[in-house]
Each structure stands twice: as structure tokens, then as C-alpha cells.
Amino acid sequence: MGQTRELAYEVNGKKLKIISPNSAETQIFSIDNAGCFDGGGLLGKYCKAGGIPAGESRSGGGSIAGTWEAKAPGGTFKLIFAGSNEVTMTMQDDGGNPESHQGSYSVSGNDVIISAPGGVPMHLTRKGNSLEGAFGGLTMTFTR
């Protein structure tokens with residue numbers, strides 16, 4: 001927010017508490033297994049430089065960043081993962097115009113969860129070089 005302030009902090013297990021003289025501004029961050037601080041929502045996630053990209057975990061088999069595509073009867077579905085926990089989901093009917101939506105994602109081991117505002121979270125499972133999940137009764141396999 002363009003401000004620099006020095007504040008006290010406490011670490012208790014998997015929680016980091018940033019203590020402000022104004023108790024209304026005190027913030028609690030969770031600490032994940034990679035040592036990243038996660039304040040959720042507006043505050044976001046913070047990891048050491050050179051560490052694991054946001055949204056990734058050590059057991060996830062590498063980064064999922066990039067474009068993944070699945071073919072379905074009548075069209076295609078693309079997921080474009082950015083290293084900043086952002087994903088663009090694009091659906092295109094055969095011969096139609098693409099429709100894109102923005103969302104966020106998290107990775108825990110081989111599980112990938114995609115969330116979009118007002119939508120039901122999508123659960124994908126990483127299997128080797130593919131991501132698999134069920135959408136509208138269809139099992140879809142995404143590949144790079």
C-alpha cells in the first residue's frame with residue numbers, strides 16, 4: 001500500500017502474528033510446509049526469493065505453470081497457470097469464440113484446486129504429465 005512500517009511479530013507453531021499498536025490492524029498469517037506466509041485474500045502469500053513459486057509444493061512433481069489443454073466432445077478447454085496463483089480458464093466450442101474466466105489455484109502434492117469467483121472449485125489430480133478431473137459428468141485429461 002506504499003507504506004513501510006516496523007512492527008513486532010510472534011511465531012507460534014504454524015502461525016505468524018504481525019502486531020500493530022492499533023489492534024484493528026494486527027494480522028495473522030499461516031506458515032505452510034515450504035515456509036511461506038499466507039495472509040489469504042487481499043494480503044496474499046509470501047515466499048523467500050528463490051524458493052518455491054506461490055501455489056506449488058515440494059511434493060508436487062514440479063511446476064504446473066504454463067498452458068494445459070483438454071479436448072472434449074464439441075470443443076476444447078485450456079488452463080493457463082501463472083506462478084502467482086492465477087489461472088486463466090478458456091472454453092471454446094468447435095468453431096465458436098473462446099470464453100475466458102480468471103481464477104486462482106493452489107497445489108498440494110498431486111492435488112490442484114482451481115477457484116473462480118462465484119463458481120464451484122475444480123479439483124484436478126496430477127498423474128505424471130497430465131492433470132485429470134471430472135467436469136459436468138465428463139472426465140477430462142489436460143496435457144501441456
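Is Phe81 buried or exposed? Phe81 is buried, with a relative accessible area of 3%. Keep in mind as you read that this is a predicted model.

## A sheet of five strands

Five of them make an open sheet in the order β1-β2-β3-β4-β5, and the pairing is antiparallel. At the edges stand β1 (8-12) and β5 (45-46). Each of these two has a single partner strand, so one of its sides has no neighbour in the sheet.

Strand β2 (residues 15-19) runs antiparallel to strand β3 (residues 27-31), and four bridges join them. To find a spot where they face each other, look for Ile18, which stands opposite Gln27 in β3.

## Two aromatic pairs

Now turn to the aromatic rings, where the count comes to two pairs. One of them is formed by Phe77 and Phe142 in an edge-to-face arrangement, with 5.6 Å centre to centre and 70° between the planes. An angle over 60 degrees counts as edge-to-face, which is why this pair gets that name. Phe77 belongs to strand β7 (residues 75-81) and Phe142 to strand β13 (residues 138-143), so the pair ties together parts that are 65 residues apart in sequence. Phe77 counts as buried at 12% relative accessibility, and Phe142 is buried too, with a relative accessible area of 0%.

Phe81, the residue from our opening question, forms an aromatic pair with Tyr105. This pair is also edge-to-face, with 4.9 Å centre to centre and 80° between the planes. Here, too, distant parts of the chain are linked: Phe81 sits in strand β7 and Tyr105 in strand β9 (residues 99-108), 24 residues apart. How buried is Tyr105? Tyr105 has 3% relative accessibility, so it counts as buried because the cut-off is under 20%.

## Around Phe142

Lys71 and Phe142 are 71 residues apart in sequence, and their C-alpha atoms are 8.0 Å apart in space.

Methods
Residues numbered from 1 in each chain as written. Predicted model: local features only at pLDDT ≥ 70, side-chain atom pairs only at ≥ 80, totals over all residues. Heavy atoms only, no water. Pairing = 2+ DSSP bridges. Phe/Tyr/Trp six-rings, centres within 6.5 Å; stacked < 30°, edge-to-face > 60°. Buried < 20%, exposed > 50% of the residue type's maximum accessible area, 1.4 Å probe, protein only.
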